[in-house]
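Dear colleague,

I am passing a structure to you for your records. Please look through the sequence and the coordinates first; my findings follow below them.

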Amino acid sequence: MLLRRFASNVSALRAKDVSINAFVAFNDSESVSSNGPLNGCTIAVKDNICTSHLPTTASSAILKDFHSPFDATVVQILTKNGAEIIGKTNCDEFGMGSLNIHSVHGPVVNPFNVEERRAAGGSSGGSAAAVAAGLCHAALGTDTGGSIRLPASYCGVVGLKPSYGLVSRHGIISYADSLDTVGVLAKDVSTVENVFGHINKHDYRDPTSIDERVRERARNLSLEQYESNRHSNTQDLKGLRIGVPQEYFPSELSSNPIISSIRNILSLLRSRGATVLPVSLPSTKYALSAYYVIASAEGSSCLSRYDGIEYGLRVKPPGEENNIDTSAKIYAHTRSHGFGREVRKRILLGTYALSADAFDNYFLQAQRVRQMVRDDFDSVFFVSNILASSSTTPKSRKTDGVDVLIHPSAIRTAPRLPIADDAGEPESASRDTLQDYVQDVLTVPASLAGLPALSVPVPQAVRNQNVEKGDGWPIGVSVVGQWGSDELVLKVGRIIEEMERNGL
Amino acid sequence: MSRLLVDGWQVVIGIETHVQLRSKQKLFSKAPTSLLSHSPNTRFHAFDAAFPGTLPRLNRKCLDLALRAALALGCTVNERSSFDRKHYFYSDQPAGYQITQHYSPFAVRGLFTPTKLGNSIRIKQIQLEQDTAKSITNPSKKSALIDLNRAGTGLLEIVTEPDLRTPEQAAEYVRSLQELLRAVGVSDGNMEMGSLRCDVNVSINRPGEPHGTRCEVKNLNSVKFIVAAIEYEISRQRRILENNSSAEVLQETRRFDHDVWKTYKMRSKEDAPDYRYMPDPNLGTLVFSQEHVDSVRRGMPSLPASTRSRLLQTYSSKGVTERDIEVLMNLDANREIPYDGAESSILGAVAYFEQLCSRNRDPKITQNVLGQLSALGKPFSSELISVDRMGEFIDLVVAKRMTRPSAKLLLKQMLSRPSNAPVNHLAAEMDLLDTDPPHHKTMSANDDLVRDICLRAIDALPSEIAAIRGGNQNVMNKVVGWIMRETRGKVDPNSAKTILNQLLR
């Protein structure tokens with residue numbers, strides 16, 4: 001049996017993982033998985049996704065020995081379909097981070113070249129690294145503002161953040177409920193597509209899970225549009241309209257080797273018949289602040305349950321064990337000790353954003369910006385957003401618009417891991433602030449709008465005199481589509497992947 | 001209006017009532033709701049304990065109960081409303097927040113006219129929210145225990161405008177609200193069990209001046225406490241304002257101490273917590289279509305006010321008074337409220353009464369008999385005596401087959417030992433029936449029987465008879481009582497008295 005083979009291979013997996021630290025728990029039970037289409041498929045699960053047989057810590061000290069009483073819906077589906085869950089993967093604490101360095105289990109080392117000690121990206125760094133190192137066929141991750149796409153780009157694997165509402169969040173440890181999205185990482189698009197196909201299901205246990213009929217309509221709308229414009233010849237991309245958002249390509253980065261790689265891809269797609277159009281998403285410049293306010297506000301709310309009472313870590317205030325009036329102090333001590341620095345920072349930010357004095361200027365303002373970001377996307381895509389309230393009023397059919405957007409997934413290759421300070425926490429490395437800013441610009445808008453976004457690895461551009469020298473590390477290109485067009489996004493991803501295989 | 005002034009002060013009262021919904025399952029989880037009798041921590045799911053990865057799932061049954069309350073209170077139901085998180089750390093709040101409707105409640109602008117109040121009370125809004133868990137602190141053991149049974153139970157918060165003017169009006173509002181919510185099956189409204197709790201806002205001002213600063217007294221769980229807390233607040237605020245013309249009442253949240261019958265300060269306005277209300281990102285918009293609201297309206301049980309007027313209209317011509325109807329309504333209030341707004345299989349007192357009357361029985365006598373039931377010390381329940389058997393009983397009474405004392409005895413028997421035996425058999429067994437129906441009896445035969453027992457009484461009670469002969473007529477009652485016991489009440493006391501007087505003359 002395949003399963004037994006893998007079970008006995010746990011020690012081998014462990015050995016391979018020592019230098020990477022992608023896994024925080026391995027499944028060494030010999031439980032027999034059911035027969036199904038995913039037989040033989042080994043899947044690693046991010047540690048903020050609940051499993052009843054393995055611990056679920058979300059990389060936090062506050063959940064250090066936590067065992068969930070139930071399996072997340074996605075885990076149930078995969079197991080039922082014959083997949084084998086081989087272990088839990090490292091991540092940034094509660095998904096808060098972009099380098100997978102804020103983890104009680106220590107940082108993940110990018111397996112592309114372990115010697116260089118570069119970051120795997122975050123927060124789903126363990127999932128991306130496990131796939132990249134060949135320790136599993138696919139991995140589940142979660143993406144709140146780029147947490148699948150960024151590590152996929154840094155590690156050189158495919159990562160899909162599906163449309164919000166397609167994959168059940170039941171059993172996902174919430175960071176920001178309105179943004180959290182479960183997705184898949186794998187070596188190639190077809191594996192991602194296969195696993196996604198199974199978990200793309202309505203779940204009554206998730207109130208934000210979208211009705212089957214609605215997702216079917218969105219899927220058909222995007223595919224019909226795309227197919228009707230295309231010739232039967234699959235090699236010919238005539239009719240495919242690709243938008244390039246100008247706000248994602250600031251002039252300061254024109255000599256960046258990654259930008260030129262993306263330019264190469266775009267010109268190849270154009271040479272195959274696709275139309276490449278510059279588009280503008282003018283609210284992008286406000287998207288970042290809106291994202292930080294919303295994510296940290298929801299984070300402060302979602303994480304208030306970790307108080308040391310029902311489960312998880314409890315830290316008693318010193319010397320006051322027998323005083324029942326100290327429950328408030330128990331919360332304070334438990335939360336101060338149990339949460340890492342980055343999580344504490346975001347909780348404080350979010351708590352402020354929700355306070356009575358700040359609510360209107362921060363939280364409500366951010367919600368308005370979020371709507372503007374959605375409207376921006378809706379105005380550039382050819383098909384309308386099925387979830388937008390304006391779609392109830394008959395809209396004149398658009399004659400222009402694009403099928404997908406393409407942009408780099410990350411503005412740089414994997415950075416080096418920072419050196420940990422005395423407290424075991426990474427020092428805040430002084431970085432290029434513009435790069436930081438643009439990095440977030442690339443992933444956050446699709447999260448705010450709940451759109452499907454896929455990162456596909458691409459080779460670095462051939463060097464020329466106008467471009468800085470690349471470092472040879474993986475880079476990724478992102479394909480973003482209208483809500484519910486995940487299948488179309490995957491199709492385009494596959495075209496890019498094939499072009500790469502054929503040596504561009 | 002002036003009669004409502006207290007020594008020249010106008011009192012202004014508003015009430016927030018928290019009512020537990022009578023649903024089988026909790027508001028956002030499939031865990032069963034609980035009673036006080038359930039063992040602690042036996043009725044909750046992972047969601048109610050705020051386990052990571054759990055998400056809320058709205059219980060539609062709770063929504064329909066909430067709609068009934070809104071319609072019964074004449075509210076406008078918002079087509080779209082939403083849920084918010086109210087954040088605070090407390091051991092009875094596992095998630096660190098309560099899901100409530102802060103920004104956009106589902107029902108607004110209602111109007112409610114309690115039966116005994118002349119005026120209507122405006123309902124500001126009704127919001128749907130989660131109840132908390134219970135924390136039980138034991139100071140002697142220095143322990144705090146948490147019971148999650150109640151955590152996440154559906155709760156309505158019903159908020160009035162400041163339209164009440166006296167403690168008695170406040171009491172009447174709460175009692176009528178309780179009756180209303182029970183009648184439409186929204187809640188059992190049981191204050192002792194905590195399924196209905198009130199926060200009372202009180203302020204006083206001179207007539208013609210703006211309302212004074214209000215103080216809120218939280219968590220009152222009996223009508224008595226509500227009245228006492230308001231009375232205490234009125235005198236406390238008066239003391240402040242009358243002692244020093246420049247003094248002001250401070251806005252405070254207070255508690256009522258029912259040991260000393262006083263309110264005490266819990267926190268001032270400055271200490272008021274910032275609850276950091278945030279729209280709940282999971283639950284989205286709550287939509288009530290007009291069709292759905294209409295269908296809930298059609299399925300509503302009748303409201304107490306319309307039941308009252310219908311009963312009065314139907315039966316007042318047959319001698320049933322408003323007071324009689326109040327007795328029936330009070331009996332009706334004892335019935336068990338079914339879960340999820342289901343129709344009860346058990347008849348309430350009103351339905352019981354109407355079924356009895358529907359077979360051409362005299363409503364006045366029927367009402368009297370039902371009124372007797374509660375005098376017999378058992379709460380009314382249609383389960384104890386079926387409509388048919390009660391009918392047989394009333395028929396025996398109407399046909400004058402029993403004396404009143406015999407009837408009482410029989411009713412007691414029927415209550416304490418429910419059985420299916422025909423009522424006239426039971427009465428015969430107990431030897432309670434007059435041997436002959438009155439219209440067949442000749443007076444003399446009856447007189448003979450009575451005469452016999454009277455003669456026996458004269459023999460058996462010589463000293464009492466001597467006293468009567470000596471002119472003490474009061475002793476006569478004692479002799480008649482002896483005759484009633486001996487004959488199990490079969491003799492009419494008045495004719496016994498007449499015959500005794502004849503014999504002793």
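For the helix packing described below, axes are lines fitted to C-alpha atoms, for helices over the stretch in contact, and angles run from 0 to 180 degrees between N-to-C directions. Please note that this is a predicted model.

The helix pair concerned lies in chain B, where helix H8 (residues 363-375) packs against helix H10 (residues 404-416) at an angle of about 65 degrees. The axes of H8(B) and H10(B) are 11 Å apart, and their crossing is right-handed. On the H8(B) side, Val369(B), Gln372(B) and Leu373(B) take part, meeting Lys408(B), Leu411(B) and Leu415(B) of H10(B). By class, this contact comprises four nonpolar residues, one polar and one charged.

I also examined the second largest pocket, which has a volume of about 1900 Å³. Its lining is made up of 48 residues; Thr208(A), Pro281(B), Leu283(B), Gly284(B) and Thr285(B) are those nearest the centre of the pocket. Elements that each supply at least two lining residues include helix H13 (433-449) of chain A and strand S16 (285-287) of chain B. The most is given by H12(A), with eight residues. By class, the lining consists of 21 nonpolar, 16 polar and 11 charged residues.

As for chain A as a whole, there are 14 helices and 11 strands. Of its 504 residues, 61% count as buried. Among contacts in chain A between residues at least 6 apart in sequence, 77% link residues at least 24 apart.

With kind regards

Conventions. Residues numbered from 1 in each chain as written. Chains lettered and ligands numbered in written order. Predicted model: local features only at pLDDT ≥ 70, side-chain atom pairs only at ≥ 80, totals over all residues. Heavy atoms only, no water. Helix = DSSP H or I, 4+ residues; strand = E, 2+ residues; numbered from the N terminus. Left-handed = near helix turned anticlockwise from the far one by under 90°. Contact = heavy atoms within 4.5 Å. Nonpolar A, V, L, I, M, F, W, Y, C, P; charged D, E, K, R; others polar. 1 Å grid on protein atoms, 1.4 Å probe; cavity = no way out; pocket = protein on both sides within 12 Å on 5 of 7 lines; lining within 4 Å. Points joined across faces, edges and corners; volume = space filled by probe spheres on them. Buried < 20%, exposed > 50% of the residue type's maximum accessible area, 1.4 Å probe, protein only.
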